[in-house]
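Let's take a walk through this one, starting with the surface and ending at a single residue. Have the viewer open as you read.

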Amino acid sequence: SPNSILCPLWDNLNPAAGGSVWFGTFGQAPHRRAVVSWVDVPHSVTAGGQTRFTFQAVLHESQEIVFQYASVQARNASYVSGRSATIGLEDFAGAVAAKYSFNAVGAVTNNQAIVFVPDGGQPSSPVLVRLAGPQPGQFRLRIFGPPSARCVVQSSVNLSSWSNLTTNT
């Protein structure tokens with residue numbers, strides 16, 4: 001116990017003492033995602049300097065789950081980087097789980113992401129959609145896809161030399 005749990009940073013955090021927790025949904029089917037963000041939330045133990053965390057859990061409609069860590073390395077060395085936390089997830093019945101770390105020194109760092117892909121599943125491919133542009137003769141491109149898929153948009157004037165316009169990394 002507990003079953004059916006996501007643990008992006010399961011620790012003694014105290015949002016009542018500061019910071020904020022946000023939830024939102026983004027995107028369009030079949031590439032929607034639900035995001036829970038912990039922003040500048042302090043650890044409940046303040047001795048040795050208050051440790052604050054900013055991280056996210058992102059649930060993709062493709063069933064991939066991403067934990068993203070913006071700020072997890074500050075202040076009290078006993079709590080930074082997931083040192084006193086559990087990071088992982090478990091299904092509703094408690095039959096399938098994935099543990100990334102348990103009280104591990106340096107488990108996560110600032111600007112790190114962890115991607116969980118369903119067992120036996122393959123990450124879905126990125127999708128490129130052409131949208132009308134702001135002016136006649138112009139268009140916009142929108143790329144939808146899972147966080148684990150790298151996508152690069154390239155251009156060419158002669159179909160032999162290509163240059164990168166943008167990437168999702």
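This is a predicted model: local features need pLDDT of at least 70, side-chain atom pairs count only at pLDDT 80 or more; totals for chains, interfaces and linings use all residues.

**From the surface inwards**

Of the chain's 169 residues, 29% count as buried.

Now for the fold. You'll find 12 strands and zero helices in the protein chain, so the pattern along the sequence is simply β-β-β-β-β-β-β-β-β-β-β-β. As for how the chain meets itself, take the contacts with a separation of 6 or more: 44% of them are between residues 24 or more positions apart.

Next, have a look at the second largest pocket, which holds about 380 Å³ of space. It is lined by 19 residues, and the closest to its centre are Ile65, Leu89, Asp91, Val96 and Pro118. The elements giving two or more residues to this lining are β1 (5-10), β4 (52-60), β6 (86-90) and β7 (97-102). Sorted by class, the lining of the second largest pocket comes to 12 nonpolar, three polar and four charged residues.

Finally, zoom in on Thr51, which sits in the loop between β3 (33-42) and β4. Is Thr51 buried or exposed? Thr51 is buried, because its relative accessible area is 0%, and the cut-off for buried is under 20%. Who are its neighbours? Leaving out residues up to four places away in sequence, Thr51 touches Val41, Pro42 and His43, along with Ala74, Arg75, Asn76, Tyr79 and Val80.

Notes
Residues are numbered from 1 along each chain as its sequence is written. Side-chain values use heavy atoms; hydrogens and water are left out. Helices (H or I, at least four residues) and strands (E, at least two) are DSSP runs, numbered from the N terminus. Buried means under 20% relative accessible area, exposed over 50%, partly exposed in between (1.4 Å probe, protein chains only). Contact means heavy atoms within 4.5 Å. On a 1 Å grid over the protein atoms alone, a cavity is a set of points where a 1.4 Å probe fits but cannot get out, and a pocket is an open set with protein on both sides within 12 Å along at least five of seven lines; lining residues have an atom within 4 Å of a point. Grid points are joined across faces, edges and corners, and a volume is the space filled by probe spheres set on the points. Ala, Val, Leu, Ile, Met, Phe, Trp, Tyr, Cys and Pro count as nonpolar, Asp, Glu, Lys and Arg as charged, and the others, Gly among them, as polar.
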